[in-house]
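Here are my notes on this model, point by point. Please keep the structure open while you read.

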Amino acid sequence: MIVVQDLKKQYKDAVVLDVPSLEIPRSQCFGLVGNNGAGKTTLFRIMLDLVRATSGRVMLEDIDVSKNEDWKSRVGAFLDEHMLLSYLTPDEYFEALRKIYLLSEEDLRLHLAKFEELFNEEILGKKKYIRDLSKGNLKKVGIAAAMMGNPEVVMLDEPFENLDPSSQVRLKKLILQEKEMSQRTFLISSHDLNHVTEICDRIVLLEKGKVIKDLQEKSTMVEELNAYFGT
Ligand SMILES: Nc1ncnc2c1ncn2[C@@H]1O[C@H](COP(=O)(O)OP(=O)(O)OP(=O)(O)O)[C@@H](O)[C@H]1O
């Protein structure tokens, strides 16, 4: 369970995030939507202790993520390309992570096999550095890396952005499979209302840093979001 308590982030006079309370139960696929600047990435960055909150806290189980490091082995995330080692090839990068996560070569092979369709023969076995990959292929590397090491929680910021239509469908399939086979909690931010509502059990709508809708009824989610965004 992830618990957000009295969380505020302020830059000078601007309050960019103000979430009094939010609970994300284990194995929920939690979608986060909102217009540009709503605070989605800021919330993820605070959850990963990449940015310090002005006040309040994020707890993973009973761990305050800003006060204790023990949550780090339980969380995988891909927010942006800065999280990758761009001077490595994808193969070298996955191999480095394999050693960090103490996985066997077979574990890594099995993990990457799940991404075979999504990678579409563009990622592995090529002698191309991560820095030279297309934006979509870079995202695929980041997503595969975020799911390594069997994390309890996976956070993905805009995972569908820059993916071609077939890759978007393949990624949705992959997340749905992972959801079914593991007890993983997914936190996914997206501007793509159709994709996010299709895979998530719950959608939280942020606007100017505040939660203005918390939708848990699958049958009416798309309708409510379309009405809000005027789409
Ligand atoms: N370092 C910073 N200094 C000042 N303001 C910041 C800083 N980082 C983020 N902000 C502001 O915080 C607000 C929330 O930004 P955030 O990136 O979290 O939004 P978002 O919902 O992820 O937006 P998008 O959909 O455009 O990615 C924005 O107004 C942004 O300008």
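1. Start with Ser 27. This residue is partly exposed, because 14 other C-beta atoms lie within 10 Å. Partly exposed is the class between exposed, at 12 or fewer, and buried, at 20 or more. Ser 27 sits in the loop between strand S2 (14-24) and strand S3 (29-33). Its phi is near 65°, a positive value in a residue other than glycine. Most residues other than glycine have a negative phi.

2. Remember that this is a predicted model. How confident is the predictor in the protein chain? The mean pLDDT is 95, and 100% of the residues reach 70 or more. The model scores ipTM 0.98 and pTM 0.95.

3. Now take the whole chain. The protein chain has eight helices and ten strands. Its C-alpha atoms fill a box of roughly 45 × 40 × 35 Å along the principal axes. The radius of gyration is 17 Å, and this agrees with a compact globule, because a globule of 231 residues would have a value near 17 Å. Buried residues make up 37% of the 231.

4. Look at how the chain contacts itself. Consider contacts in the protein chain between residues at least 6 apart in sequence. Of these, 68% join residues at least 24 apart.

5. What does UniProt list for residues 2-230? An unreviewed entry there gives "domain: ABC transporter". Over residues 2-230 the chain is 35% helix and 26% strand. The end C-alpha atoms of this stretch are 31 Å apart.

6. Turn to the ligand. The residues around the ligand include Tyr 11, Val 16, Gly 34 and Asn 36. Gly 37, Ala 38, Gly 39, Lys 40, Thr 41 and Thr 42 are also among them. By class, the shell has three nonpolar, six polar and one charged residues. Which element gives the largest share of the shell? Helix H1 (residues 40-47) does, with three residues.

7. Stay in helix H1 for Arg 45, which has its place there. Is Arg 45 buried or exposed? It counts as buried, because it has 21 C-beta neighbours inside 10 Å. Leaving aside neighbours within four places in sequence, Arg 45 is in contact with Leu 50, Val 51 and Leu 79. Arg 45 and Met 155 are 110 residues apart along the chain, with their C-alpha atoms separated by 9.9 Å.

8. Next, check Asp 6 in strand S1 (residues 2-11). Asp 6 counts as exposed, because it has 12 C-beta neighbours inside 10 Å. The phi of Asp 6 is near 45°, a positive value in a residue other than glycine.

9. Finish with Ser 167, in helix H6 (residues 165-181). Ser 167 and Asp 6 are 161 residues apart along the chain, and their C-alpha atoms are separated by 38 Å.

Technical notes. Residues numbered from 1 in each chain as written. Predicted model: local features only at pLDDT ≥ 70, side-chain atom pairs only at ≥ 80, totals over all residues. Helix = DSSP H or I, 4+ residues; strand = E, 2+ residues; numbered from the N terminus. Rg over C-alpha atoms; globule rule 2.2 N^0.38 Å. Contact = placed C-beta atoms within 7 Å. UniProt positions renumbered as here; feature names shortened; annotations may be inferred. Near = placed C-beta within 6 Å. Nonpolar A, V, L, I, M, F, W, Y, C, P; charged D, E, K, R; others polar. pLDDT = per-residue confidence, 0-100.
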